[in-house]
Amino acid sequence: MPHALTSRDSTMQSNPLGSYESSGIDVLIIGTGLAGLVAALECIRKGHTVRVLERSESINTNGDMYFMGLSATRFLKHWPELMEEYHRISLHNAWIETFKHSGEVIITPKKVADRLRAQGLDPDTPPGEFQMRPLVYKMFVSAVERHGVSVEFNRKVVDYFEDEKRGRAGCVTADGTTYEADVVIAADGVGSKSQKLVGGQVRAKPSGRAMWRAAFPIEHLDKNPEVKEAFKMMPNNEPIVRTWLGPSTYALTLTREDVMVWIMNHDVTGTEKESWSNTIDAEEVLQGMEDMPGMEVNKWAPIFKDLVKITPPDTIVNFELLWRNPQPTWTSPGARVIQIGDAAHSYLPASGNGATQAIEDAVSIASCLQIGGRENIPQSVRAHIRFRFIRNSCAQKLGFSNAELLQDTDWDKVKLDPRRAAPKLPKWVWSHDPEAYAYENYEKAVASMKKGIKMEDETGFEPNYPKGYKYEPWTIEKVMEDMRAGKPIDLGPGDWE
């Protein structure tokens, strides 16, 4: 029987692992990125049966760093061991400092909490924090293994299908094996073969931009005492993020006890690929820094170039930034296949929202499936989309706005208001709780669907995107047209702060 919400159920999202009855729902997850791993964990917590397929021989735990929003990590309260480990590996005691690309200090080192306070945010409830991708992935991989989730490797999915009459969906792997389940969660990235089933491939478009990225053991700083001093940690070995803002570019570094990370945004050079294994030589970076537009007067700080020079060989990745228009739909016609994470919505790596929204997706779909029960899977999938589609569209647009802010810093305005030297972290993003939101609004979403109310006209529950915003389809082409014309990105109506 489907689950019927009662007044008692408003707190069900607080229940820990093992406190939910079996839902009888068989879930097949494709992909072991953040979205797939968290979906696996949350689905077993909600009482679903879970299997996972991964195309590679193992789970990829490479990479450097990203921003983890508070809305994505609230679910860890249900996983005490994970919460403890997350805090152990996090940069919760980090400092932050901001420079011009030429080396001039714009904002002196401050605790992240103090910077947040200066931006009008609550330092006791930070909107998120920087995290090391390898450490976070290993944490989730260990949890999946510890809880007995079945992961089959070397299973490259080449096709998806659904059978609405039987209430089943599935996929076919390269070796011809067929897998079926009650619901399939496609968490296999931007190239997901589920695109054909959900409504066509949204093609990637070159952005004209790329990122040099490097992460290496801290011991390499010993090669140059001046670099070691310039990029040292703060007292008590506390980590520090240093941001560097220049004309048409930005960079950041992270120094912590075990690792040094640096990242720099730049125009394409011809050697970039959308791949974490696409390494280049330091000399290419150094020449690229010299050739950047706007560097005729003030060149890059020599100390940053020296940091590049001591970076170990085969470490610097030249990662191309491709843009994809928002997809019109994330689900198959019968709502038995649902895309989450990058498969549904891709973000610029510097947007500060990709990892956050992927995890929110995973928490939301696991919750909706549990609320609706096995008899209402298509209904639950569609309710989940009502909770996620417009929110993600807004977060994607905000990512473009933040990228524009960092690439074209107005230093006169920064001197008057230092907040302009940092990306926007609005409350509607970080204050969200995707699990609680699903429990509070599931029945309202279902009622609106039964009445034939369109998602963009939804008025039955509080929006989880900017208040006053009215969704309209948008394209990257229009965004770029405005940017080339010198216009600020039109986020649309509503309270985006």
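What share of the contacts in the protein chain with a separation of 6 or more comes from residues 24 or more positions apart? The answer is 76%. Keep in mind that this is a predicted model.

Now the overall picture. The protein chain has 497 residues, and 57% of them count as buried. It contains 15 helices and 18 strands. Its accessible surface comes to about 21,000 Å². Carbon and sulfur atoms hold 50% of that surface.

Next, one helix pair. Two packed helices are described by the angle between their axes and the distance between the axes. Take helix H3, residues 80-89, and helix H5, residues 133-146. They pack at an angle of about 165°, and their axes are 10 Å apart. An angle over 145 degrees counts as roughly antiparallel, so H3 is roughly antiparallel to H5. The crossing of the two is right-handed.

Who makes the contact? From H3, we have Glu81, Leu82, Glu85, Tyr86 and Ile89. From H5, we have Leu135, Val136, Met139, Phe140, Ala143 and Arg146. Sort them by class: eight nonpolar residues, three charged, no polar.

Last stop, a single residue. Asn353 sits in the loop between strand E18, 337-339, and helix H10, 354-372. Is Asn353 buried or exposed? It counts as buried, because its relative accessibility is 4%, and the cut-off for buried is under 20%.

Which residues does Asn353 touch, leaving aside its neighbours within four places in sequence? Tyr347, Ala395, Leu398 and Val429. Look at Val429. Asn353 and Val429 are 76 residues apart in sequence. In space, C-alpha to C-alpha, Asn353 and Val429 are 8.8 Å apart.

Note on methods: Residues numbered from 1 in each chain as written. Predicted model: local features only at pLDDT ≥ 70, side-chain atom pairs only at ≥ 80, totals over all residues. Heavy atoms only, no water. Axes fitted to C-alpha atoms, helices over the stretch in contact; angles between N-to-C directions. Helix = DSSP H or I, 4+ residues; strand = E, 2+ residues; numbered from the N terminus. Parallel < 35°, antiparallel > 145°, perpendicular 65-115°, else oblique. Left-handed = near helix turned anticlockwise from the far one by under 90°. Contact = heavy atoms within 4.5 Å. Nonpolar A, V, L, I, M, F, W, Y, C, P; charged D, E, K, R; others polar. Buried < 20%, exposed > 50% of the residue type's maximum accessible area, 1.4 Å probe, protein only. Areas by Shrake-Rupley, 256 points an atom, 1.4 Å probe, with all protein chains shown as cover.
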